[in-house]
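Q: I'd like to learn how to read a model like this one. Could you walk me through it?

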Amino acid sequence: MKKLELIKIVITVLLCSLLVVPIILSNHSWPTHARNYLLANAQSDTGATNTVSAIYLGYRAMDTLGETLVLLVSVTGTMAILVKLGKEQTDEETTSFSLTPEKRPTNRLRTHLLETVASKLGPIVLLFGFYVMLYGHISPGGGFQGGVIVASAIVFLALGTEVKSKLTSTFVLSRIESLSFLLLILASISGVFFESGFFGNPIKSASSLSANFIILLNIIIGLKVGTSIAVMCIAMMGGSHDH
Amino acid sequence: MNILLLSLILALGVYALLAKDLLHSVIALSAISMLSALLFTILRAPDVAITEAAVGAGVSTVIFVWAIRHTQRRDKEEP
């Protein structure tokens with residue numbers, strides 16, 4: 001039995017090295033054409049100092065729309081499964097996280113440490129998430145990263161506070177998600193009316209204001225990502241019935 | 001430094017595969033995410049580092065822990 005496992009491990013390592021070793025050993029030089037073009041033109045084309053933002057919201061904004069659709073579909077599927085799960089076992093799990101310790105059936109996972117730390121840390125993380133989202137065109141970060149940080153802040157707040165607030169109710173969060181997806185579609189169409197095509201920047205590329213479109217898209221994508229992941233996590237922890 | 005980080009990541013990955021307690025595996029995966037975020041920062045890709053830290057160490061850990069809580073934490077004892 002032990003010998004068989006050892007043989008399996010050896011075969012796996014050999015197969016992996018067969019894939020990886022040619023990449024390590026090759027001395028083919030890195031492609032430089034696209035890099036040089038982006039270094040020279042990215043800031044003047046899109047107005048964003050951060051070249052990564054310039055690529056995924058300027059040159060390749062269509063791919064970002066596809067990514068947002070992928071996230072939408074996956075969250076929809078997860079919620080469909082979770083809602084069915086919640087109907088089968090309503091009383092056991094739905095109440096366990098957001099109640100006071102006396103009313104909770106199981107309070108192994110929720111301690112005073114969690115309540116104190118999560119409720120104090122939540123607003124700070126929320127602020128940082130919005131900072132990463134809003135300054136994505138200058139500093140590292142952007143809509144997706146900021147959105148995920150906002151989502152973890154909302155999960156912190158949902159875990160740490162006993163009072164139900166608008167921010168942690170799935171009803172409000174899912175409405176924000178739908179609204180921001182609608183806004184994303186509208187913003188992508190808006191370029192058509194200013195002669196720059198689908199997902200084109202409606203502000204002319206020479207002016208100093210042209211980064212504003214990237215800021216707008218960053219905010220919309222950040223809200224979309226943040227609220228959808230937060231809805232998923234809160235629904236998993238059993239708060240989907242509180243609207 | 002890169003070699004050290006990469007070998008730590010490899011060791012943690014092997015540990016995550018072999019651990020009998022699934023919660024230990026999840027913590028090892030979260031540590032892998034933190035170490036690779038550090039590696040991306042050293043290799044000057046801060047955008048990827050932020051994503052890796054937020055998604056890998058934050059959200060996916062929460063989802064994994066939730067899944068473990070609803071299923072089984074340990075391996076069954078082999079007869």
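Q: How many helices and strands does chain B have?

A: Before counting, a word on the ground rules. This is a predicted model, where local features need pLDDT of at least 70 and side-chain atom pairs count only at pLDDT 80 or more, while totals for chains, interfaces and linings use all residues. Residues are numbered from 1 along each chain as its sequence is written, chains are lettered from A and ligands numbered from 1 in the order in which they are written, and side-chain values use heavy atoms, with hydrogens and water left out. Helices (H or I, at least four residues) and strands (E, at least two) are DSSP runs, numbered from the N terminus. Here, chain B has 3 helices and 0 strands, in the order α-α-α from the N terminus on.

Q: What are the dimensions of the C-alpha trace of chain B, and what share of chain B is buried?

A: Along its principal axes, that trace spans about 50 × 25 × 10 Å. Buried means under 20% relative accessible area, exposed means over 50%, and partly exposed is in between (1.4 Å probe, protein chains only). In chain B, 32% of the 79 residues are buried.

Q: Which residues does B:Y15 touch beyond its neighbours in sequence?

A: Contact means heavy atoms within 4.5 Å. Leaving aside neighbours within four places in sequence, B:Y15 is in contact with B:H24 and B:A28. B:Y15 itself sits in helix 1 (residues 2–18) of chain B and is partly exposed, at a relative accessible area of 40%.

Q: How many residues of each chain meet at the interface, and what area is buried there?

A: Buried area is the accessible area (1.4 Å probe) that two parts lose on being put together, summed over both. In this model, 20 residues of chain A are in contact with 11 residues of chain B. The area buried between the two chains is about 1,500 Å², and carbon and sulfur atoms give 75% of that. On the chain A side, A:P140, A:Q145 and A:M236 lose the most area to chain B, together 32% of what that side buries.

Q: Which helices of chain A each supply at least two residues to the side that touches chain B?

A: Those are helix 4 (61–88), helix 7 (143–160) and helix 9 (211–236) of chain A.

Q: How many salt bridges link the two chains?

A: A salt bridge is a side-chain nitrogen of Lys or Arg within 4 Å of a carboxyl oxygen of Asp or Glu. Between chain A and chain B the count is 0.
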